[in-house]
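Please read each point with the structure in view.

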Amino acid sequence: MMQPQIVLLKEGTDSSQGKPQLISNINACQSVVDSVRTTLGPRGMDKLIVERNGKSTISNDGATILKLLDIVHPAAKTLVDIAKSQDAEVGDGTTSVVLLAGEFLKQIKPFVDEGVHPRVIIKAVRRSLQLCLDKIKELSVKINKENSDEFRLLLEKCAATAMSSKLINQQRAFFSKMVVEAVLSLDELLPLNMIGIKQVQGGALEDSILVGGVAFKKTFSYAGFEMQPKTYKSCKIALLNIELELKAERDNAEIRVDNVKEYQKIVDAEWNILYQKLQKIHDSGANVVLSKLPIGDVATQFFADRDMFCAGRVPEEDLRRTLKACGGAVMTTVHDLKDSVLGKCELFEERQIGGERFNFFQGCPNAKTSTIILRGGSEQFLEETERSLHDAIMIVRRTIKNDAVVAGGGAIEMELSKMLRDHSRTINDKEQLLIGAIAKALEIIPRQLCDNAGFDATNILNKLRQKHAQGQCWYGVDVKNEDISDNYETCIWEPAIVKINALTAASEATCLILSVDETIKNQKSEAPPQAPGRGMGRPM
């Protein structure tokens, strides 16, 4: 008697399981790694990505590239997620984390092929991770915060290391000072949104300036704004969310009047309402009026006659930073404008920067904030500079919060690789081979640094292995001289948290991909085509 066929999944559902699909997932991750492999390090190349709408982006930031590549493979998306988490948590090391995860999988692939159970491999990966984290904590050098000049110099070196692999590496000495200055001007919590970065096309990168306060692009203004003063000392700022202009009726409002006098009364009432609002703002003692909503030509002229400055349609982010920096409150009515709700700053001025006018608020008593105004040739170049500065700012913040550094340039990875190799020889079961494979995988960072710079990777890695075997743990790749050097002495420093985070995320991603034993893809449900909707007045 024949068994009846059991249909469990919808027709067309794709299901793959066992060893072949695990190997397929590992291969998909390799393809993702290959797309960012060449961007690592000071001699890394850039990628030009053109989106569907024609917008092009030039970048060598791992997280940015992976976000823009529309990856659909479910296992490969894991690598995109770890790059994003590394970017959000630490800010730098996004390419390293993807490379490490890809290399772990590559070195483990032969064992999967030979039929080693994924759980055995996962156990070895977790054990290796724990050994690595303990070793980093043991090796990392604690920062002395007592001497502020020394501490500042160390932060600048960490920022310069973060920028050495970016487009702006020629100007890293100039920008690292600027970044450290900006971060140290913040309060203890180091809020990232208190550092504004504005872009102005034109000029050279060295024309970029750091403003100790808030600065934003001048908003659209009506006739009369040229008569307003452009500088105030110890000024009061009214922050509003009110429209200060005569508006046409929004809906089809209808008023029936039978003579001209009645009509004139309605017009006068509207003008009077506006003038009363403006008079109240003037009476409050404010010198600068900022509003999120438009400020019309009548109001602009009114303020100009009374030596007041106004700006309407101020972006919400800039208004919020001004509020946090200068104090006060954003008001939705003019009736409660008192001295206590006005912001205060020591100096307000409007200055021309390139082809743009900027409003500067300096000497803000309340919060500590700063704005970096970037100058440069093309739009893509400015965007990439902003991304590079974001990475450097994150690194400086992390270094201040977690006060331990290690040497970069592949030095720490080589030391961890040596430590794991030595440890694997003390184990007598399968784990010996697996931990040895992970030790080899860690060498991908110095190897890729050499490949990207066009050096002979095998030769340089042999020299590094020799130095690390002799106990010189800070030796790494010297990209400038095509050799090896003590990267701690040459001040190529990175916060230990970057390495800890990268190794943890890469190991987690490896374990996640290894623990998947079946992939089921549901077929997209066929939606019936919808009939075009009937608009107003459209015939049936």
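1. A pocket is an open set of grid points with protein on both sides within 12 Å along at least five of seven lines, and its lining residues have an atom within 4 Å of a point. The model examined here is predicted. Its largest pocket is lined by 48 residues, and the volume of this pocket is about 890 Å³. Pro42, Thr161, Ser164, Ser165 and Ile492 are the lining residues that lie nearest the centre of the pocket.

2. Several elements give two or more residues to the lining of the largest pocket: helices H4 (94-113), H6 (148-163), H12 (411-424), H14 and H16 (496-514), together with strand E16 (475-478). Divided by class, this lining has 20 polar, 17 nonpolar and 11 charged residues.

3. Helix H14 (residues 444-453) also packs with helix H13 at an angle of about 30 degrees, and the axes are 5 Å apart. Angles under 35 degrees count as roughly parallel, and H13 and H14 are therefore roughly parallel to each other. Lys440, Ala441 and Leu442 of H13 meet Ile444, Ile445 and Pro446 of H14. This contact of H13 with H14 has 5 nonpolar residues, 1 charged residue and no polar ones.

4. Helix H13 (residues 431-442) has a further partner in helix H5 (residues 118-139): their axes come within 9 Å and cross at roughly 55 degrees. H5 and H13 are therefore oblique to each other. The crossing of H5 past H13 is right-handed. On the H5 side, the contact is made by Val120, Ile121, Lys123, Ala124, Val125, Arg127, Ser128 and Cys132, and on the H13 side by Glu431, Leu434, Ile435, Ile438 and Leu442. By class, the residues of this contact of H5 with H13 are 9 nonpolar, 1 polar and 3 charged.

5. How many cavities of 30 Å³ or more does a search of the whole structure find? There are 3. The largest cavity has a volume of about 50 Å³, and its lining includes Val125, Ser128, Cys132, Ile438 and Leu442. H5, H13 and H16 each supply at least two residues of this lining, and H5 gives the most, with 4 residues. The lining of the largest cavity has 8 nonpolar, 2 polar and no charged residues.

6. The second largest cavity has a volume of about 40 Å³. Phe220, Ser221, Tyr222, Ile295, Thr300, Cys310, Ala311 and Gly312 form its lining. In the lining of this second largest cavity, 5 residues are nonpolar, 3 are polar and none is charged.

Conventions. Residues numbered from 1 in each chain as written. Predicted model: local features only at pLDDT ≥ 70, side-chain atom pairs only at ≥ 80, totals over all residues. Heavy atoms only, no water. Axes fitted to C-alpha atoms, helices over the stretch in contact; angles between N-to-C directions. Parallel < 35°, antiparallel > 145°, perpendicular 65-115°, else oblique. Left-handed = near helix turned anticlockwise from the far one by under 90°. Contact = heavy atoms within 4.5 Å. Nonpolar A, V, L, I, M, F, W, Y, C, P; charged D, E, K, R; others polar. 1 Å grid on protein atoms, 1.4 Å probe; cavity = no way out; pocket = protein on both sides within 12 Å on 5 of 7 lines; lining within 4 Å. Points joined across faces, edges and corners; volume = space filled by probe spheres on them.
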